[in-house]
Amino acid sequence: MQHRIPHSPHQQAAERGPVGPDAEAHLSAELAAMVASARRRALRDGDRQIDTAHLLHTLLETDPEVREAFESGPQVARLLGYLVQRSIGYGLRWQSSVEDSGALPTVTGGGWSPVAAGVMETAYERAVRRGDAFADGVDLLAALASEPGSRAVEVLGRAGVEVRELLESLERLEHPRGLAERGRGLEA
């Protein structure tokens, strides 16, 4: 009897079930719009599923707080450069394949790669630990960066991002929206 041992919390989250309408209900309005954009990008690129590189690409394009988490503008430009090249060379080996850690089933519902499904769930769990009902872009970036076998982490590494340092800075990063909401709750 062979046991599957997940390698990360994201893989464990993906095994609990596919990301679907219930999980997407826990996204901030901005993050829900970003997911819709990532879905369109996946379709336009001819990919069968949204993967972590689609999510990273759309986050970088749409979320100023996510861009601020990186060292510099040139680092963000390098990241976007790699991601744009996805459909014209870099990343072509990803086409017609599923982003899979090897520890998960290769099919999830809702058009998500197994790794991306787990990352989405982990982003929501991070928001809950912070006291928010909705995940935001920084939650998703932290979840993406903490998945070592993901396409997003591969792109981060190729662009010269020290993933460990990024994760440390994201842990220190305050979420003004979340802190303001908690402050309002204390005043009541």
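Visitor: What conventions apply to the numbering and the values?
Guide: This is a predicted model in which local features need pLDDT of at least 70 and side-chain atom pairs count only at pLDDT 80 or more, while totals for chains, interfaces and linings use all residues. Residues are numbered from 1 along each chain as its sequence is written, and side-chain values use heavy atoms, with hydrogens and water left out.

Visitor: How many helices and strands does the secondary structure of the protein chain come to?
Guide: Helices (H or I, at least four residues) and strands (E, at least two) are DSSP runs, numbered from the N terminus. From the N terminus on, the elements run α-α-α-α-α-α-α-α-α-α-α. The count is 11 helices and zero strands.

Visitor: What percentage of the residues of the protein chain count as buried?
Guide: Buried means under 20% relative accessible area, exposed means over 50%, and partly exposed lies in between (1.4 Å probe, protein chains only). Of the 188 residues of the protein chain, the buried share is 46%.

Visitor: Among contacts between residues at least 6 apart in sequence, what percentage join residues at least 24 apart?
Guide: Contact means heavy atoms within 4.5 Å. For the protein chain, the share of such contacts that join residues at least 24 apart is 68%.

Visitor: Which residues touch the most other members of the largest nonpolar core?
Guide: A nonpolar core is a set of buried Ala, Val, Leu, Ile, Met, Phe, Trp, Tyr and Cys residues joined through side-chain atoms within 4.5 Å. The largest one has 43 residues, and those touching the most other members are Leu55, Leu56, Phe70, Leu140, Leu141, Leu156 and Leu166.

Visitor: Which elements give two or more residues to this core?
Guide: In soluble globular proteins, nonpolar side chains tend to be buried together. Here the elements giving two or more residues are helix 3 (29-44), helix 4 (52-62), helix 6, helix 7 (114-130), helix 8 (137-145), helix 9 and helix 10 (163-172).

Visitor: With which residues is leucine 166 in contact?
Guide: Leu166 is one of the core residues that touch the most other members. Leaving aside neighbours within four places in sequence, leucine 166 is in contact with Ala69, Phe70, Leu141, Ala145, Leu156 and Val161.

Visitor: What is the orientation of helix 6 to helix 9?
Guide: Axes are lines fitted to C-alpha atoms, for helices over the stretch in contact, and angles run from 0 to 180 degrees between N-to-C directions. Helix 6 (residues 73-84) and helix 9 (residues 151-158) pack at about 125°, with their axes 9 Å apart. Angles under 35 degrees count as roughly parallel, over 145 as roughly antiparallel, 65 to 115 as roughly perpendicular and the rest as oblique. Helix 6 and helix 9 are therefore oblique.

Visitor: Which residues make the contact of helix 6 with helix 9?
Guide: Helix 6 passes helix 9 in a right-handed crossing (left-handed if the near helix is turned anticlockwise from the far one by less than a right angle, right-handed if clockwise). Helix 6 contributes Leu79, Tyr82 and Leu83, and helix 9 contributes Val155, Leu156 and Arg158.

Visitor: Into which classes do the residues of the contact of helix 4 with helix 8 divide?
Guide: Helix 4 and helix 8 pack at an angle of about 140°, with their axes 11 Å apart, and helix 4 passes helix 8 in a left-handed crossing. The contact is made by Thr52, Leu55, Leu56 and Leu59 of helix 4 and Gly137, Leu140, Leu141 and Leu144 of helix 8. Ala, Val, Leu, Ile, Met, Phe, Trp, Tyr, Cys and Pro count as nonpolar, Asp, Glu, Lys and Arg as charged, and the others, Gly among them, as polar. The division is six nonpolar, two polar and no charged.

Visitor: Which residues make the contact of helix 4 with helix 9?
Guide: Helix 4 and helix 9 pack at an angle of about 55°, with their axes 6 Å apart. That makes helix 4 oblique to helix 9. The contact is made by Thr52, Ala53 and Leu56 of helix 4 and Arg151, Ala152, Val155 and Leu156 of helix 9.

Visitor: Is alanine 123 buried or exposed?
Guide: Alanine 123 is found in helix 7. Leaving aside neighbours within four places in sequence, alanine 123 is in contact with Ala135, Asp139, Leu140 and Ala143. At 1% relative accessibility, alanine 123 counts as buried.
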